[in-house]
Amino acid sequence: MEFRFTADEDAFRTRVRDFLGGWVGPNGQVASERFDDLEREMAAQNWLTIAWPAEYGGGGASPLQQLIFKEECWRAGVSLDSQGVNLLGPSLMVHGSEEQKREHLPRIASGEVRWAQGFSEPGAGSDLASLQTRAVRDGDDYIINGQKIWTSGAHLADWIHLLARTDPDAPKHRGISYFMINLRSPGITIRPLIQLTGVHGFNEVFFDDVRVPRRNMISEENRGWYAATTTLDFERSGIERNLVAQRDWRRLYEFAASNRAALVNRPATWRHRMADLRIEVEVGQWIARRVAWMQGRGLVPNYESSMSKTYNSEVGQRIAEFGVSLLGLPGQLREPEREPGQTIAFRYLDARRLTVGQGTSEINRNVIATRGLGLPRA
């Protein structure tokens with residue numbers, strides 16, 4: 001079977017590639033200092049929210065066009081805000097009030113506001129429904145106390161979308177509510193978590209009597225878990241992880257092609273392993289594209305998203321492990337002037353988090369087993 005994009009989709013890819021080509025530097029990628037200008041230009045063309053409906057400030061593109069757009073952005077080294085565009089925005093369209101849509105969606109579409117996600121806690125990661133952050137009703141407000149952890153980009157964000165427990169006596173999935181909180185609110189403290197790679201991407205976020213208006217609750221009280229699962233289905237589509245795996249494999253291939261003499265003492269099977277990984281990357285790409293295809297037909301990918309997330313994150317780890325093995329002792333060297341993300345040593349350390357963040361492989365395999373294969377719960 002041969003898979004193809006339509007002629008219109010191929011033409012759209014050419015259009016995006018030509019547009020980004022005007023911003024790409026000599027190294028084939030957009031320089032980080034030009035990102036703000038590029039974001040403004042994309043926002044003017046409704047490309048930051050390219051697959052959103054036009055009524056919400058989007059470009060009205062299909063999910064497959066959105067996938068094409070993401071693929072070309074990643075190849076150009078452009079990483080756009082994912083929390084607001086890919087997660088919160090689509091969830092608001094499904095579960096938000098008209099007032100919430102009018103207030104928040106245009107500011108996401110314009111790139112004016114950046115978002116972080118407040119889900120994981122020290123005692124509630126994979127078992128997210130065990131979260132203990134509390135929200136207590138006080139008139140027209142809620143008072144929130146608790147802690148979130150592994151909060152990506154909180155130090156750069158303006159707002160956070162957050163789960164908190166509003167009924168401690170209800171079954172754990174039924175006593176949770178979903179809030180939007182301005183990170184400049186009194187009582188919020190953000191502390192950095194420096195990763196194994198030395199990069200500051202994660203944070204701890206503490207809430208001490210933070211007052212949040214009732215109008216900032218998404219969906220109904222105690223029904224936040226069900227709104228949040230929509231967010232998780234969007235989050236686990238997996239195309240970004242596949243694009244990272246493509247990039248890392250390509251770098252290894254280019255190194256091997258230009259350093260054959262340095263690899264002469266490596267086992268002869270390394271060529272076969274390189275080919276195997278290339279096939280795995282290709283398979284992961286089509287799994288991720290299937291998720292986009294489903295969304296384009298009005299379906300909500302559930303176990304399919306878990307398949308994509310699990311498969312592509314594990315392929316990313318296998319590529320990093322193979323790269324360190326292929327390069328031998330030089331593969332352990334760090335070169336700060338080339339980082340983050342440029343050396344195989346960095347990728348090896350960074351890849352440890354891939355099968356933990358956004359749902360561990362174990363949790364996602366349970367989703368695949370119960371919802372995809374119809375197996376009974378253990």
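Mentor: In this predicted model, helix α9 (residues 303-327) packs against helix α11 (residues 361-372) at an angle of about 145 degrees, with the axes 9 Å apart. Here an axis is a line fitted to the C-alpha atoms over the stretch in contact, and the angle runs from 0 to 180 degrees between N-to-C directions. Helices are DSSP runs (H or I, at least four residues), and strands are runs of E of at least two, numbered from the N terminus. Residues are numbered from 1 along each chain as its sequence is written. Because the model is predicted, local features need pLDDT of at least 70 and side-chain atom pairs count only at pLDDT 80 or more, while totals for chains, interfaces and linings use all residues; side-chain values use heavy atoms, without hydrogens and water.

Now for the crossing itself: α9 passes α11 in a left-handed way, meaning that the near helix is turned anticlockwise from the far one by less than a right angle (clockwise would be right-handed). On the α9 side, the contact (heavy atoms within 4.5 Å) involves Tyr 303, Ser 306, Met 307, Lys 309, Thr 310, Ser 313 and Glu 314. From α11 come Ser 361, Asn 364, Arg 365, Val 367, Ile 368, Arg 371 and Gly 372. By type, the residues of this contact divide into four nonpolar, six polar and four charged. In that count, Ala, Val, Leu, Ile, Met, Phe, Trp, Tyr, Cys and Pro are nonpolar, Asp, Glu, Lys and Arg are charged, and the others, Gly among them, are polar.
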